[in-house]
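Here are my notebook entries from a walk through this structure. Come along and have a look with me.

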Amino acid sequence: MLLAFCVTGCKQSANTTATPASQSSTQNLNGAGATFPYPVYSKWFSEYASAHPGIHINYQSIGSGGGIRQVTEGTIDFGASDGPMTDQQIAESKVAVMHIPTVLGAVVPVYNIPGVTGNLNLAPDVIADIYLGKIKKWDDPRLAKDNPGVKFPSTAILPVYRSDGSGTTYIFTDFLSKISPDWAKKVGKSTSVKWPVGIGQKGNEGVAGMVRQSPSSFGYVELIYALQNKMTYGAVRNASGKFVLATTDGVTAAAAAAAATMPADYRVSITNASGDASYPISSFTWFLIPTHSQNTAKTETLKNFLTWMLDHGESEASSMGYAPLPTQVQAMVRKSIADLH
Amino acid sequence: MPSSRMTTEREPGYSIPDQPSFAPGVASADEPPSGDSAPSLIRDYLSKRGSGRIADRSFAGVMLVCACSIFAIVAFIFWILVLRSNLSLAEFGWKFFTRSAWDPVAGDFGALPFIFGTLATSLLALLMAVPLALGVAIFVTELCPKVLRAPISFLTELLAAIPSVVYGLWGVFVLVPLMRDVIGPFLSKTLGWTGFFEGPNFGVGLFTASIILSIMILPIISSLTRDIMLAVPNSQREGVLALGATRWEMIRVGVLRNSRIGIVGAIMLGLGRALGETMAVTMVIGNHPNISKSLFAPANTLASVIAGEFSEATGDLYLSALIEIGLALFLVTIVVNAIARLMVWAVTRGAPVGAA
């Protein structure tokens, strides 16, 4: 009897192909990948499903590594990643994949210094040297130079990093590799790196919790996390010499500055972008969409969803704390969507 | 045996083949026993519900399959671990377990810091938990008034029931500040000369992880020790007392000496749990793979590095190295558990029944 139910169900879904494209047969798309944009993606997918009944897009936030692995194996319909795929990963992939940027994220430095309550100005090399272990105490003259009038204690700094691999670490180490040749040589950039000093905690909440309750500590968290938990974070000096406190506008400005030289495959790092208002520790997060799929119905649905994302989704992103794509990049993405087939 | 009870009514020439005791005299379910009257009502009823012999043998077969499935699962896990770590094995060979490196960017991996972290935290936890657990067990079996016995045992076992994530949270919010502000300075003042308590103390580190682990393995060791000690016959206790021993001497000579092997087995089981503990450790150990003499320094363990880095591990060599760490942990845990089971079996097989 169960079998009969299944068979009739299948027959029914096959019979509804006569309806218009946006309300075509029941479709299930499966995606997996990055955890950072999971809140905004799940909001988008549920809104898209209510606007287009019958289309269900499932997304599992298993991590960027898992997303890349599964989309290159062809086990999911699309992936998502906080860091672009490397050339080697693209060469080894069974499925040709296109990167589509969706929203922007940023990483902010947080700290807990007894007696200091305002937003500190942090130079990039100072941050790198804290994590390299070269700057050991808070009353170092390099910190005092950018923060006149702030009374620093002479206690040891405890650097806190992410013990689990994450896109946040990727963005942060990407920035540090750009501005510190020492860092690029000794540590490099990745979702998981060999930190010279400090202690690791699990997740944004682990780092934030450790920083919050350890006096004289220093860490890095996602901007959204800091905003939602009302944490005090520092301003970072960008490539144009201005100390910028992270906001969604500053992050979008960084992407806009990079839009002029954006490569066609969108695999670009926008950390340390120039421009007075750009926040230097920003990054895209991408969808990984197979360029050519056997299932044309699924590709159609994906293309429709991506267009919907540009029309409606981006404007909602900032209300959730994610920075939307700048208009120049949105125009480029619209053209790229047409190349999916 | 029930089957022999049933067969005494039958003719002597009739032989019943071997059957398990739950289905007595079932061999000839289809034919009446020769020379006897009709089979009993119960036998008749059971036979009408399907032939007893087939049901019997298939039941035994299904149970055998279930038992073998356990072996099959363990063997399968081992095989998959070896298979998936072949990249890392090919790259580093057996030196993987003696190298001290963990650099995902450069593709340089070695398990030594994690093996050190795992062994150091587990052994330190044992050092702290064993005296405490033995004390609890001795108190509950020998010294405690009968009315307190049940509540204390219940509370000790409750410790085992608390999920390890809860221990981790308690550790982060209670133990870490305590370590940083109270226990750490005290230890470096009194025991700083040993060299084990030097360097900056941020609350997280080897020592904090060991404390949490010791609380987690305490109930295992204490409840097993209590069972072993209860298995020592009263004649031993009375004999020692009759020779003029005091209370403590009686416990030491009459009970503990006899339960030595079992206690070691219980300790090995506690060690097995400590070796594999992940969540509570990863929250308080600092996750910085290095080998240091100071107990205040952060470290990392085999289980916590896998839990932390597995989901975002990009790159086949990285993944393979993590799986090889899993293989190391698997082997260590199996060996420890096997030794423990052997020892517990060694002591209980000779103990007389009903020692209490």
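**Entry 1: two helices in chain A.** I started with helix 12 (residues 296–317) of chain A and helix 13 (residues 327–337) of chain A, whose axes come within 10 Å and cross at roughly 165 degrees. (Axes are lines fitted to C-alpha atoms, for helices over the stretch in contact, and angles run from 0 to 180 degrees between N-to-C directions; helices are DSSP runs of H or I with at least four residues, strands are runs of E with at least two, and both are numbered from the N terminus.) That angle makes helix 12 of chain A roughly antiparallel to helix 13 of chain A, a term for angles over 145 degrees.

I then looked up who meets whom: A:Lys303, A:Leu306, A:Thr307, A:Leu310 and A:Glu314 in helix 12 of chain A meet A:Gln330, A:Val333, A:Arg334 and A:Ile337 in helix 13 of chain A. Two residues are in contact if their C-beta atoms, placed from the backbone, lie within 7 Å.

**A note on the model.** I keep in mind that this is a predicted model, where local features need pLDDT of at least 70, side-chain atom pairs count only at pLDDT 80 or more, and totals for chains, interfaces and linings use all residues. Residues are numbered from 1 along each chain as its sequence is written, while chains are lettered from A and ligands numbered from 1 in the order in which they are written.

**Entry 2: where the chains touch.** I found 27 residues of chain A in contact with 22 residues of chain B. On the side of chain A that touches chain B, helix 3 of chain A gives the most, with four residues.

**Entry 3: the core.** Which residues have the most contacts inside the largest nonpolar core? They are A:Val108, B:Ile212, B:Ile221 and B:Val284, in a core of 164 residues. (A nonpolar core is a set of buried Ala, Val, Leu, Ile, Met, Phe, Trp, Tyr and Cys residues joined through C-beta atoms within 7 Å; buried means that 20 or more other C-beta atoms lie within 10 Å of a residue's own.) Helix 8 (residues 206–230) of chain B gives the most to this core, with 15 residues.

I also checked B:Val284: beyond its neighbours within four places in sequence, its contacts include B:Gly168, B:Leu175 and B:Ile212.

**Entry 4: an arginine in helix 8.** B:Arg226 sits in helix 8 of chain B. Is B:Arg226 buried or exposed? B:Arg226 is buried, because 24 other C-beta atoms lie within 10 Å. Not counting residues up to four places away in sequence, B:Arg226 touches B:Ala137, B:Val140 and B:Thr141.

Key:
Angles under 35 degrees count as roughly parallel, over 145 as roughly antiparallel, 65 to 115 as roughly perpendicular and the rest as oblique. A residue is buried if 20 or more other C-beta atoms lie within 10 Å of its own, exposed if 12 or fewer, and partly exposed in between; C-beta atoms are placed from the backbone.
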